[in-house]
Amino acid sequence: MTLTALANQGLVLAMSAPAESGANPWVQLIPFALVLAAWTKWREGCPGHLLGDFAFAIWDTLERTVFCARDHMGARPLYYTITPNRFAVASAIKGLLALPDTIRRLDELALAGPRAVLAYL
């Protein structure tokens with residue numbers, strides 16, 4: 001994921017979005033600005049107002065909260081891990097596995113959750 005920070009608003013954004021081939025640096029800032037503007041206006045509802053494929057995590061340093069979202073079709077991967085020492089996000093699992101304190105096991109309850117609901121219905 002690409003990382004950008006807006007210290008004046010107390011927000012840190014990590015985002016995976018399509019890379020523009022041959023785009024200049026100013027064009028690459030637009031997706032970040034749009035996501036941060038959507039977050040500022042709609043908070044948790046902002047993914048419903050975004051089009052295209054994306055995955056992002058926003059850390060609000062003032063409220064000490066994190067919000068993660070990905071596009072509606074799931075085109076962009078978003079992996080995360082929570083350990084006693086950190087919360088980390090990545091657009092590829094290998095980024096998380098490179099961290100020394102990442103627990104390398106599946107959360108079977110998380111995997112079974114949605115399937116268990118569908119099986120029940």
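How many salt bridges does the structure hold? There are four of them, and the model they come from is a predicted one. Here's a walk through them.

Start with Arg-43 and Asp-60, whose side chains meet in a salt bridge at 3.6 Å, N to O. This pair links distant parts of the chain, 17 residues apart: Arg-43 sits in the loop between helix H1 (25-42) and strand S3 (55-60), while Asp-60 belongs to strand S3.

The two partners have contrasting surroundings. Arg-43 is partly exposed, with a relative accessible area of 25%, whereas Asp-60 comes in at 5% and is buried, since that is under 20%.

## Loop to loop: Arg-76 and Asp-53

Next up, Arg-76 forms a salt bridge with Asp-53, and their closest N and O atoms are 3.1 Å apart. Arg-76 lies in the loop between strand S4 (65-70) and strand S5 (79-82) and Asp-53 in the loop between H1 and S3, so the bridge ties together parts 23 residues apart in sequence. As for Asp-53, its relative accessible area of 28% makes it partly exposed.

## Loop to loop again: Arg-86 and Asp-101

Arg-86 pairs with Asp-101 in a salt bridge, with 3.0 Å between the closest N and O atoms. Again, distant parts of the chain are linked: Arg-86 is in the loop between S5 and strand S6 (87-90), and Asp-101, 15 residues apart from it, is in the loop between helix H2 (93-97) and helix H3 (108-120). Arg-86 counts as partly exposed, at 34% relative accessibility.

Technical notes
Residues numbered from 1 in each chain as written. Predicted model: local features only at pLDDT ≥ 70, side-chain atom pairs only at ≥ 80, totals over all residues. Heavy atoms only, no water. Salt bridge = Lys/Arg side-chain N within 4 Å of Asp/Glu carboxyl O. Helix = DSSP H or I, 4+ residues; strand = E, 2+ residues; numbered from the N terminus. Buried < 20%, exposed > 50% of the residue type's maximum accessible area, 1.4 Å probe, protein only.
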